[in-house]
Amino acid sequence: MKLTVIGLNHQTAPVHIREQLAFTTDSLADAVRDLSLNVAAEAVILSTCNRTELYCVGEGELIIDWLASYKNVNVDEIRPYLYVLGCGDTIRHAFRVACGLDSMVLGEPQILGQMKEAVRVAREQDGVSTWLNALFQRTFQAAKEVRSLSGVGDNVVSMASAAVRMAEQSVGDISSLNVLFVGAGEMNESVATYFAARSPKQLMVANRTLTRATYLCSKLGHGAQACKLDVLPEIVSRYDVIVVCTASQTPIITQEMIQAASAQRGAKPMFVLDLAVPRNVEPSVANVAGVMLHTVDDMAERVASGKEARAAAAEAAETMVETKVHEFLAWQQQRQRVPLICALRDEGERARQQVLNNAIRQLAKGTPPEEVLERLSVQLTNKLLHSPTRALNKASLHDTHVVSTLSQVYHLNH
C-alpha cells in the first residue's frame, strides 16, 4: 500500500471527460465510503469544476478500476486523461493544489476551502487515518504559509471578475441588462456578487429550493429576486445574461428552451455561461442564433492575463513548496523507522531483564555483590554485542556495507 493520487484536471482533460468523472456534493460521502471500504486503506475525493482527484493509500491500478466501475465508464477511455502520482509527487501535488499553483486561476483561494471540505467529508466516512491525516495537516499548514509569504494570491483575476468582463464584452454594460443566475451554490454566489456590484437592471436567482435562493438574494441586495427552477421556461426569455451552476447531473437549460426564448427576444443577443461540471446547459444551445454559450474551460484565456503579474510570486511559492515537501518526506521517513527503533529497544530491554534477574538470583544465594556486578556487566555486554559481532563474522571480506554501518553506529575507526 502506498500514498498516491489519481486524477484529471482542466489541463489534462476537456470538460466532456471531466463531467463523466465528477462527484456531486450529495454523492461524495457514499463514494468515499465505498472507495475506502473496498479498495483503499484511506481515501479523500476532491471534485470541483476543474478537477477530480482521489488521494489514497492504496494501489493506483485498483483505484483506477474502481473509478471507472463506479462511474460506469470504460477504463481505457479515461486512462489517457488521468495522472497517477507516487508518494513524493502526491505530496508535492497536494501542496501545489492547496496553494492555487495548479489552478486555472493562479493563486485562487477557493480551492483550499474545497480541499478542506473534501477532507471533512472523508473523515466523517472514516476514510482518513494516519497517512492522509498527516498529509492534509501538512498541506493546509503549507498553503497558509506559502500564500501569506509569497503573495501568490495577490491580484488574482478570479473566475467571477472574468465572467463579468466576458458578459460585458458580449452583450454590453451590466447596468442595462437583466441577469439570471440558475443555482445558488458557492460558485454562483461568488459570481453573482460581482454582477450585483455592477447594479444590473434586474437580478434573478432561480434555485431548486426557494429558501436558499431567497437567502442569496438578501446577501446580494440591488433588488435581487428569487424563484424556483420549474419556472425557467417561462422567464428565461427576459434575461440577457444567464449564469448556470447547479449540482444537477443533467442539463437544466435545453436547446428547445433557448430557441423559444430567442424567438421571443428577436435579434437581441444572449450570453450564457455554464460553470457546472457536469454541464447544466446542452452544448447544442451554442447553435441557436444570437446566443453566445461559454463553459468553464472557456474561462482559461480570460484569466490568463493576470499570470504574468504573479509570475515572480509563483516562482517564490514553488520554491517554498519544494522545501515543505522535503520536510514532509523527512518526517515520513522518520515515522517509518519508529517500529524498528521500538523493536531494537525492546530487544535491549529483554537482555537487561535477563541479566538483572540472574544477578538477583546470585545475590539471593549469597554471592558477593562485587562478583555479581562483574558478572552482570560482562553478560550484558556480551548480549548487546552478540548480534553485531555475529553480523561482522558472517559478512564477506568485501561486504563493506555491514562494516561501514557498524563502524558508524559504534563510532569505530576500523
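Which strands does helix α7 (residues 130-150) lie across? Helix α7 lies across β1, β2 and β3, running at about 40° to β2.

## Basis of the model

This is a predicted model, in which local features need pLDDT of at least 70 and side-chain atom pairs count only at pLDDT 80 or more, while totals for chains, interfaces and linings use all residues. Residues are numbered from 1 along each chain as its sequence is written, and side-chain values use heavy atoms, with hydrogens and water left out.

## Domain division

The protein is divided into domain 1 (2-153), domain 2 (159-301) and domain 3 (333-410); these bounds come from an automatic or database domain assignment. The centres of domain 1 and domain 3, taken over C-alpha atoms, are separated by 47 Å.

## The four-stranded sheet

An open sheet is formed by 4 strands in the order β2-β3-β1-β4, with antiparallel pairing. Its edge strands, β2 (42-47) and β4 (83-85), each pair on one side only. On average, neighbouring strands of this sheet are turned by 15° against each other, direction ignored. Two strands pair if DSSP finds at least two bridges between them; helices (H or I, at least four residues) and strands (E, at least two) are DSSP runs, numbered from the N terminus.

Strand β1 (residues 2-9) is joined by 8 bridges to strand β3 (residues 51-58), and the two run antiparallel. Threonine 4 stands opposite cysteine 56 in β3.

## Helices against the sheet

Helix α5 (residues 87-98) lies across β1, β2, β3 and β4, and runs at about 140° to β3. Contact here means heavy atoms within 4.5 Å. Axes are lines fitted to C-alpha atoms, for helices over the stretch in contact, and angles run from 0 to 180 degrees between N-to-C directions.

## Backbone exceptions

Most residues other than glycine have a negative phi, and most peptide bonds are trans. Valine 277 and proline 278 are joined by a cis peptide bond, with omega about 0°. Proline 278 is placed in the loop between β9 (270-274) and β10 (291-295).

Aspartate 126, in the loop between α6 (110-124) and α7, has a positive phi near 60°. Its relative accessible area is 65%, so aspartate 126 is exposed. Serine 199, in the loop between α9 (186-197) and β6 (202-207), has a positive phi of about 50° although it is not a glycine. Serine 199 counts as partly exposed, at 35% relative accessibility. Buried means under 20% relative accessible area, exposed over 50%, and partly exposed in between (1.4 Å probe, protein chains only).
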